[in-house]
Amino acid sequence: MNIVVFLPNWLGDLVMATPALRALRRLYGCRAQIIGVVRPHLHEVLAGTDFLDEQRPFDPRSPDREQRRWALLRWMRGRQFDLCLLLTHSFDTALMARLGGAAVRVGYARNARGWLLSQKLTPQRSGGRIVPEPNVQTYLALAEAIGCPPEPPKLELRLTPEESALGDRAWQSLDLRGDGRVVALNNSGAYGAAKRWPGEHCSTLARRIADELDYDVLVICGPAEREAARQIAESAGHRRVKSLDSLPPSIGLTKACLERCRLTISTDSGPRHVAAAFGRPVITLLGPTLPIWIENPLVRSVDLRVPLDCLGCGRRTCPLGHHRCMRELTPELVFQHTADVLRREAARAA
């Protein structure tokens, strides 16, 4: 079997797809060549796992022509794929699967693309709208549709030796404790500003964790959040609050750091799911996204949100201009839950 999988375009969604990829590998084992079509900036996410035999970068807007549509189509036609599994929901990727010559094309009938699929799943609708359900389950349903046995929704990532070495260097460079007493704080939100917690809330929380709970705090950041992370750490005004902004950013470094931290406090963004995939507890700060999208019984998560009528609007910026869903998640509330989770983790370790 020659299998191609169009992987999700967002870091968190890709992590939530790992149970489906594991199910696919368990079904076919070494009897299939499984290749993932992935956004170039996400190629490190699955490094260290055995879900895929190969990754093919694809970005229709890339300056590199070899990563655009026509290059991908030529590659697909040359490989003559028996099966294409679409973990994406766009019309564009379904069209690529059809024009690329995949014999069997499996995906959800959404965005007017049902006619491009040879085997389609129909999402449940109510009043013309798709009924929300956990992302991890939608991906697993696709795997089961092609014959995979039921698979637990356990998120799974691994570290390569090179990524572990990046973590070692970060801990040494930033003088972080080696006994596990480190809390990660992530305020990223590539989807849009509406997901982010106010920077002053982050600084207040980080200072209290370091001062009152005697934990180091590491502010996580990607390339676009380095300045914001630096400001959070500086505004905290505590020597045990550090930031990754001074180190070359990479997903491999983020993975290595989150795997070492005892707890991650995060907005609903990629690093939250990375930490969960390493089995770490997470406190999730929710505003414009619905909790059901990330629901997973195997993730140890405390999901915090303010009870507002506009909660879960799904917008990239606050349409009402007040951003209350995140502003009214107070540092005091998050600190109380942080202290509770850390106490439970200490008891669990003992």
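A cavity, on a 1 Å grid over the protein atoms alone, is a set of points where a 1.4 Å probe fits but cannot get out, and lining residues have an atom within 4 Å of a point. The model is predicted: local features need pLDDT of at least 70, side-chain atom pairs count only at pLDDT 80 or more, and totals for chains, interfaces and linings use all residues. Residues are numbered from 1 along each chain as its sequence is written, and side-chain values use heavy atoms, with hydrogens and water left out.

**View 1. Lining of the largest cavity.** The lining consists of Phe 6, Leu 7, Asn 9, Val 37, Val 38, Arg 39, Phe 58, Thr 88 and Thr 93. By class these residues comprise five nonpolar, three polar and one charged (Ala, Val, Leu, Ile, Met, Phe, Trp, Tyr, Cys and Pro count as nonpolar, Asp, Glu, Lys and Arg as charged, and the others, Gly among them, as polar). The volume of the largest cavity is about 50 Å³, a volume being the space filled by probe spheres set on the points, with grid points joined across faces, edges and corners. The structure holds one cavity of 30 Å³ or more.

**View 2. The open sheet containing β1.** Helices (H or I, at least four residues) and strands (E, at least two) are DSSP runs, numbered from the N terminus. Six strands with parallel pairing follow the order β3-β2-β1-β4-β5-β6; two strands pair if DSSP finds at least two bridges between them. Because β3 (54–57) and β6 (119–121) are edge strands, each with a single partner strand, one side of each is left without a neighbour in the sheet. From one strand to the next, the twist averages 20°. Five bridges link β1 (residues 2–6) to β2 (residues 33–38) in the parallel sense, and Phe 6 is placed opposite Val 37 in β2.

View 3. Helix α2 (residues 18–28) lies across β1, β2 and β4 (83–86), at about 175° to β1. Axes are lines fitted to C-alpha atoms, for helices over the stretch in contact, and angles run from 0 to 180 degrees between N-to-C directions. Helix α5 (residues 135–145) lies across β4, β5 (104–108) and β6, at about 150° to β5. Contact means heavy atoms within 4.5 Å.

**View 4. The open sheet containing β9.** The strand order is β11-β10-β9-β12-β13-β14, with parallel pairing among the six strands. The edges are formed by β11 (241–243) and β14 (301–304); each has a single partner strand, so one side of each lacks a neighbour in the sheet. The twist from one strand to the next averages 20°. Strands β9 (residues 182–186) and β12 (residues 263–267) run parallel and are joined by four bridges; Val 183 has Leu 263 as its bridge partner in β12. Helix α7 packs on this sheet and touches β9, β10, β11 and β12, its direction making about 175° with that of β9.

**View 5. Packing of α7 against α12.** The axes of α7 and helix α12 (residues 331–349) come within 9 Å and cross at roughly 35°. His 201, Thr 204, Leu 205, Arg 208, Ile 209 and Glu 212 in α7 meet Pro 331, Glu 332, Val 334, Phe 335 and Thr 338 in α12. This contact of α7 with α12 has five nonpolar, three polar and three charged residues.

Technical notes: 1 Å grid on protein atoms, 1.4 Å probe; cavity = no way out; pocket = protein on both sides within 12 Å on 5 of 7 lines; lining within 4 Å.
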